[in-house]
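Take a walk through the fold below, one element at a time. Keep the structure open as you read.

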Amino acid sequence: MSEQEIPAWLRLWGKSDAGGCPNLLLQHLFDTAAVAELIWDDYLSLSIRSQLDACCAGRGRLLFALIAGLHDIGKATPAFQSKSELLAGRVRRAGLTWGTLRSGDRRWHHTLAGVVIVERTLADRGWSWSSIAWIAPLISGHHGVVPEVGTYRQVSREGHGKSGAWAAAQAAVVAAVTDGLDLDLRAMEPDVVPSRAVQLALSGAVIMADWIASGGCFPGIEDPWQVSVVVARDRARLAWEKLRISGGWRHLSITPEIDLMKQRFNQRARPVQELAIDTAWAMPAPGLLLVEAPMGEGKTELALAAAEVLAFRFGCDGVFLGMPTQATSDAIFDRSAAWADRVDPGVPLALLHGKRRFNSRWWELEEASRAADVHDTDEFGCLDNFGAASDGNSAGPVLSSWFFGPKLGLLMRSSAGTIDQLLYAATRTRHVMLRHLGLSGRVVILDEVHAYDVYMMQFLGEALRWLADAGVPVILLSATLPPPVRSDLAEAYLQGAVRRRAVEIPESWNRDAGYPVVRALTVESGTASAASHATQGWRESIPVALEVLDESATALDDLAELLAGKLVGGGCVLVVRNTVARAQDTFTHLAARFGDVMPVTLLHSSIVMGDRADRTAEVLSLLGPGHDAAPRQPMIAVATQLAEQSFDVDADLLVTDLAPIDLLLQRIGRLHRHHRLHRPGAMRPATVIVTGLTRGSGAPGFPAGSEHVYCRYPLLRAAALAEETVADSGTWLVPMQVPELVRRGYSEEELGTESWQKDMESARVKFDEEKKRRAGNAEEFILSGEENLNRKDLSGLHNMRARDPEGDEDQVQALVRDGEDTVEVILVRRGDDGRYTLDGEWLGSADTRVSDPSITESLLRSSLRLPARFTKDAIKELRPLIESGGDPWLCRTRVLELDQDLRVVLGDRRLRYDTDLGLRDETHR
């Protein structure tokens with residue numbers, strides 16, 4: 001074939017600049033298909049491959065490569081080819097021409113054009129509309145947004161290429177792809193339409209293939225003579241090896257006879273751990289495993305062992321551990337990394353949250369990964385150069401640093417992170433399909449499920465629907481759950497599994513089996529089944545005495561006097577307040593009374609991160625595990641709700657503001673969490689003193705802050721249960737009575753005296769209205785919703801404008817966490833000779849100074865999240881560091897500059913940072 005005989009369609013370009021020269025369209029399609037083949041072979045889990053194979057008679061690999069190979073076919077149109085004047089001239093000279101394109105013609109996007117071409121081609125090959133309908137959104141959605149099917153019909157005739165020559169060129173490119181992949185397009189039609197969740201994961205895999213094939217590992221080829229699938233496969237394999245992308249677990253080999261607790265954690269299985277592992281072995285299909293057990297029962301280890309069983313049985317290749325906060329994510333990551341190494345040493349555990357680089361264990365792993373291939377990344381997160389190869393001297397397996405790019409973190413096959421990472425997968429956001437690809441074929445573990453509010457539960461329910469539709473096993477952990485919440489979680493998973501809105505939860509799911517309890521829910525052939533089994537706790541239940549200390553003008557004096565009597569023989573006291581202001585006032589009062597004779601520590605969210613971390617470590621060193629054999633140093637710790645979540649401490653006496661009954665019991669779990677031989681005599685039996693309520697002739701009153709945080713109705717029901725106990729036995733048997741107390745607290749049962757009932761009913765109405773409002777707030781952002789469960793394809797998934805908040809941690813978090821927006825700031829102090837961090841580090845004046853790792857660490861330690869009431873003024877008045885040096889966190893985090901007395905005016909408020917109390921609003925003081 002001479003130069004003149006080269007067909008015009010081979011001159012079509014796909015990338016105008018790929019490493020300094022254009023890449024022809026057919027070569028880019030071959031490249032993407034070749035990468036897709038490697039993704040199938042080396043990355044996708046057995047679970048997702050099996051589901052794709054099942055829909056097309058075992059030809060899942062070919063089908064995936066075909067879709068990836070056709071993803072950019074819409075670029076074979078005048079609308080796209082005209083985008084580069086130089087390259088457009090080459091196409092025109094080859095014989096493919098077009099008239100004047102109007103603005104509407106130029107906006108005819110290649111994702112939509114591609115669908116028109118693919119639909120026409122598949123229809124010509126005899127494919128049914130049901131098969132075409134689910135393939136089309138994978139083409140239209142490869143830029144991260146899936147529009148409604150009607151959008152494809154609005155064809156720009158001039159922009160699409162209305163002449164027969166263009167139709168022939170488009171058909172020729174499709175034929176070249178199918179010939180290169182050695183497949184008969186007519187025989188490739190799937191027999192079955194896969195679930196929408198599998199389609200969405202496949203959509204993410206197409207994007208992954210496109211991004212890799214669009215990166216620096218694939219320099220442009222502009223000579224038609226060099227274009228071939230063989231070239232594509234050679235450079236795809238080279239790129240794959242350079243990027244070091246790999247999948248998840250490949251070497252699972254366990255049996256029910258293996259003692260996983262012994263092998264993985266070198267400890268004897270506790271009863272609830274053994275029960276959960278046995279239940280995982282018995283589940284007939286992927287499903288929902290819910291474990292409700294007291295604190296200290298080893299739920300984390302239980303979940304990891306059960307996850308390994310479920311992964312082995314159902315073809316999963318990794319795990320995602322979701323936690324409520326960054327701090328709890330760090331803790332679970334540190335605890336689970338050794339376990340992950342024992343399961344499969346080749347698949348390290350990753351950490352996912354906005355400040356993960358400040359976790360020392362993660363930073364070592366990230367540094368090792370970057371050292372293995374030093375490179376820059378382009379917009380696709382791909383290599384711009386091949387970089388240096390690993391010297392083979394690393395301490396262990398390293399991750400591909402390709403996964404460190406934007407939106408790619410969840411693609412690492414085993415990871416721990418904030419629950420937000422999972423909840424984003426339930427939002428209508430751009431490139432959401434990448435998150436579903438990351439979650440497909442994993443076992444998902446969610447801890448502290450009781451910590452999620454009504455708003456977050458809407459996204460959790462949506463996530464469970466998609467996970468069930470994808471056949472992903474889910475393990476939920478909690479101290480205890482209200483029965484309505486337990487039912488909502490089961491309903492969401494069932495809806496996804498059977499793909500319809502109306503479902504019936506098996507009666508055995510909510511059966512009162514005892515405590516601790518393990519519940520399993522599965523669906524086989526459209527039929528749901530459930531089991532609930534209880535076992536004995538690791539330790540016996542203990543009586544916890546309940547006292548109520550009324551709010552009054554002298555409440556803090558009364559509390560101090562009460563503690564003075566209790567602390568005569570020593571002991572450790574935990575005080576939990578519902579608001580920062582109450583915690584600060586309590587600390588001030590108790591520090592003045594007891595600070596000379598024992599440590600008094602304050603923990604809350606308005607203390608800068610460094611001090612909060614130091615204080616947390618101090619409290620854990622005194623009240624944490626490992627101090628069971630000897631008397632402990634007396635101390636008082638004052639905290640906010642931080643003490644509710646994974647706060648592994650054991651206090652002798654608990655003083656707590658009233659909270660909803662499940663959270664109140666969660667706090668009580670901090671009483672004698674560990675088995676200790678020594679207890680101060682004045683603190684026997686274990687006692688909780690409930691504060692934060694004012695009793696009178698009718699229903700009690702609560703501080704405004706408590707009602708703002710929790711609403712009046714659940715507080716009234718918790719107060720009624722507390723008053724009932726005080727008037728009766730005066731004790732709760734914990735944890736034995738926990739399920740019953742929670743059930744009653746959230747049931748329709750009438751609680752409280754007759755004089756409470758009018759107030760109780762009024763509070764209930766307001767509470768229901770508030771729940772409805774907050775649930776409604778989430779609807780705008782939910783990915784698909786219950787009403788679309790019967791849809792067969794992804795068309796219209798982004799029928800409202802997709803959000804793309806990935807670059808801003810505050811915006812991302814605001815999507816899935818209700819409440820007023822908050823802003824993270826860095827506190828710096830202005831001195832006579834410049835600015836300093838609160839640790840005393842001089843910021844200097846040069847970018848390189850701030851970019852120094854020790855300075856960045858000090859700035860992190862000086863950061864906190866402002867209360868919501870300051871958000872508007874903070875956004876208006878505060879800016880990031882000028883000297884950020886390009887650091888991604890510093891570039892977006894605003895600075896609150898204090899004077900030498902640590903004071904500042906923000907808006908019309910006067911603030912002061914007190915090194916003991918944290919941030920204080922002194923406007924009215």
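Which strands does helix H25 lie across, and at what angle does H25 run to E15? This is a predicted model. In it, H25 (residues 661-668) lies across strand E11 (542-548), E12, strand E15 (653-657), strand E16 (686-691) and E17. Its direction is about 155 degrees to E15.

Now turn to the sheet itself. Seven strands form an open sheet in the order E13-E14-E12-E15-E16-E11-E17, and the pairing is mixed. Strand E13 (600-603) and strand E17 (731-734) are the edges, each pairing on one side only. From one strand to the next, the twist averages 20 degrees.

Look at one pair in this sheet. Strand E12 (residues 572-576) runs parallel to strand E14 (residues 635-639), and five bridges join them. Val-573 has Ile-636 of E14 as its bridge partner. In general, side chains in a regular strand alternate between the two faces of the sheet.

Strand E4 (residues 319-323) and strand E6 (residues 415-418) run parallel and share four bridges. Here Gly-322 stands opposite Gly-417 of E6. Strand E5 (residues 350-352) also pairs with E6 in the parallel sense, over three bridges. Leu-352 has Gly-417 in E6 as its bridge partner.

Move to helix H21 (residues 483-498). Does its span agree or disagree with its residue count? At 1.5 Å a residue, its 16 residues should span 22 Å, and the end C-alpha atoms are 22 Å apart, so the two agree. The buried residues of H21 include Arg-486, Leu-489, Tyr-493, Gln-495 and Val-498. Among the elements covering the buried residues of H21 are strand E3 (287-292), helix H20 (454-469) and strand E8 (474-478). Strand E9 (517-524) and strand E10 (527-534) are also part of that cover. After H21 comes Arg-499, with a positive phi near 60 degrees.

Finish with a helix pair. Two packed helices are described by the angle and the distance between their axes. The axes of helix H27 (residues 712-727) and helix H29 (residues 757-779) come within 7 Å and cross at roughly 140 degrees. Therefore H27 is oblique to H29. On H27, the contact is made by Arg-712, Tyr-713, Pro-714, Leu-716 and Arg-717. On H29, Asp-759, Met-760, Ala-763, Arg-764 and Phe-767 make it. By class, this contact of H27 with H29 has six nonpolar, four charged and no polar residues.

How values were computed. Residues numbered from 1 in each chain as written. Predicted model: local features only at pLDDT ≥ 70, side-chain atom pairs only at ≥ 80, totals over all residues. Heavy atoms only, no water. Axes fitted to C-alpha atoms, helices over the stretch in contact; angles between N-to-C directions. Helix = DSSP H or I, 4+ residues; strand = E, 2+ residues; numbered from the N terminus. Parallel < 35°, antiparallel > 145°, perpendicular 65-115°, else oblique. Contact = heavy atoms within 4.5 Å. Nonpolar A, V, L, I, M, F, W, Y, C, P; charged D, E, K, R; others polar. Expected span 1.5 Å × (residues − 1). Buried < 20%, exposed > 50% of the residue type's maximum accessible area, 1.4 Å probe, protein only. Pairing = 2+ DSSP bridges.
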